[in-house]
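Take a look at the model below. We will go through it in two stops.

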Amino acid sequence: MPKNWWRDAVIYQIYPRSFGDSNGDGIGDLQGVFDHLDHLAWLGIDTVWLNPVMASPNTDFGYDVADYCDINPEYGTLDDFDRLVKEADSRGIRVMNDLVPNHTSDQHPWFADSRSSKDAVHRDWYVWADPKPDGSPPNNWLSEFGGDAWTLDETTGQYYLHLFLPTQPDLNWWNDDVRNAFDDILRFWFDRGVAGFRVDVCHAIVKDKDLRDNPQATDEDPPTVRVFGQRRVYSANRPEVHDVLKQWRKVGRTFDPERLFLGETYVWDMQQLVAFYGARDNEIQLGFNIPFVHARFDPGLMSDIVGNVQKLFPRHAWPVWTGSNHDAKRLATRWCDGDERKVRLALMLLLTLRGTPVLYYGDEIGLRDVDLTQDELRDPVGIRFWPAYSGRDGGRTPMQWSAERGAGFTTSSDPWLPIGDADVTNVEAQRSDEGSVLHLTRDLIALRKEFVSATYSKRTSPDGTWVYRRGKHVIALNMSDEPQKISRIRGVIRISTTRERDGQSFAGGLSLDGWEGVVVEAS
Ligand code: GLC
Ligand code: CA
């Protein structure tokens, strides 16, 4: 693999359950991904990351793994997976898997053994602790999905830890057998040709060995901490996680130094994010930027985050930019309120910043979240917190390939989640319209190659705008309703979000309509 290939890549996240259903059972599958590889190749995608496809009882849709070395039968077989990797490769597309090392399913044979007795071989593979004298949980840690992070298991009278659902018991990363087992799992998939892994819950794999109480949040803490009620000092972000990441890079290197680890680094502090890249290039190569994903679509807030990254990232660390995923839902709704002008700007932003963009399936057509009724919900988090929070399903609905019934996703009349406005938003219609969001995405992906390694420097510009230089290109985004004028710039517009100004030369400043953006080749 070429050195740092992932810097040039555009990563495309596929939620396999919702991408293509090849056998009409209403559930996406590996053959369905296979069937749409041409779309990805046409778009210019060179790397896909598949949300978990391993065997799972689906209490958290694949993030509860019952066998790390097999495929969920709903999605296909290992042979299907191998075929997919090979066929993708023949189109120049690399495949990444999702690795879920923080926890397994409670149906995993390791946990079945672990909970059977205190002397079980796998007892110490999970985090078990005695109740407090009054019978309450061992410490004050909370589950990310609500309630205590501990469940009492009657068989042995001890509690087990789960940072997520009770059906997702946390592994004990202080145990060397667990570490070795995961080295083997990495090798298993690297042997099958995966280019790398997205690492689930990367920041929280290792917990405090003494299981100390987390300190309570105070008024001084940021809202993201206050809402949780406590600082995750001992249940996440422990320094020892870095040993695990270093070890994984070593395992990766035995195959190819460029095998990729992309961390779900769910931290709000930029210094903490930087730490995951290692002191030199020996931990993860890419880490999601959570503050950016959750920022408001505001040029001041967003460019501050980018500026901070510029300032704090060491030379070997390379940023990631993303606006949608299977947890946060879709940028077209969250950032853009469904306004297509804003969607075009958001795509221009993601594809022109210095760093690797990760697009979520459907971003390329401006797919929006779908409103669901209570009985349509499948996400356990939505089911639990409805109606205060409807969960993540709205951003996990089927890909919209065409206007036909089933959206070209399925022939079933009962897809696992409802389909959105496929009659208006779909790949087929946008493919035959050169002015579409889909063509804009494709053209930006192609243009990005011209300045992929150029430095980023922000220019001063009027409030509501964001202007930055990438080599000889200048990107000017008007993220406001008002028309704006950018001074001291001349050149040729290579791509405009409306597509009406592509190829236009201008001198003596640049006028932008509300919510208009351009990539300029400056002269
Ligand atoms: C990560 C995943 C999310 C999952 C959770 C538990 O945050 O992205 O979808 O529910 O981990 O595995
Ligand atoms: Ca299917």
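This is a predicted model: local features need pLDDT of at least 70, side-chain atom pairs count only at pLDDT 80 or more; totals for chains, interfaces and linings use all residues.

An oxygen atom of ligand 1 is 2.9 Å from an N or O atom in the side chain of R198.

The side chain of D60 has an N or O atom 2.6 Å from an oxygen atom of ligand 1. For E264, the corresponding side-chain distance to a ligand 1 oxygen is 2.8 Å. The protein covers 96% of the accessible area of ligand 1, which on its own is 300 Å².

Where does ligand 1 sit? The space that ligand 1 takes up is the largest pocket. There are 14 residues around the ligand. The ones that come nearest are D60, D200, E264, H326 and D327. What kinds of residues make up the shell? Seven are charged, four are nonpolar and three are polar.

Is A403 buried, exposed or partly exposed? Its relative accessibility is 46%. Exposed means over 50% and buried means under 20%, so a value in between counts as partly exposed. A403 is therefore partly exposed.

How far is A403 from N426? Along the sequence, they are 23 residues apart. In space, their C-alpha atoms are 6.4 Å apart.

Notes. Residues are numbered from 1 along each chain as its sequence is written. Chains are lettered from A and ligands numbered from 1 in the order in which they are written. Side-chain values use heavy atoms; hydrogens and water are left out. A residue is near a molecule or strand if one of its heavy atoms lies within 4 Å of it. A polar contact is a pair of N or O atoms within 3.5 Å; within protein, one must be able to donate a hydrogen and the other to accept it, and residues adjacent in sequence count only if both atoms are side-chain atoms. Accessible areas come from the Shrake-Rupley method with a 1.4 Å probe; for residues, only the protein chains shown count as cover. On a 1 Å grid over the protein atoms alone, a cavity is a set of points where a 1.4 Å probe fits but cannot get out, and a pocket is an open set with protein on both sides within 12 Å along at least five of seven lines; lining residues have an atom within 4 Å of a point. A molecule sits in a cavity or pocket if more than half of its atoms lie within 2 Å of its grid points. Ala, Val, Leu, Ile, Met, Phe, Trp, Tyr, Cys and Pro count as nonpolar, Asp, Glu, Lys and Arg as charged, and the others, Gly among them, as polar. Buried means under 20% relative accessible area, exposed over 50%, partly exposed in between (1.4 Å probe, protein chains only).
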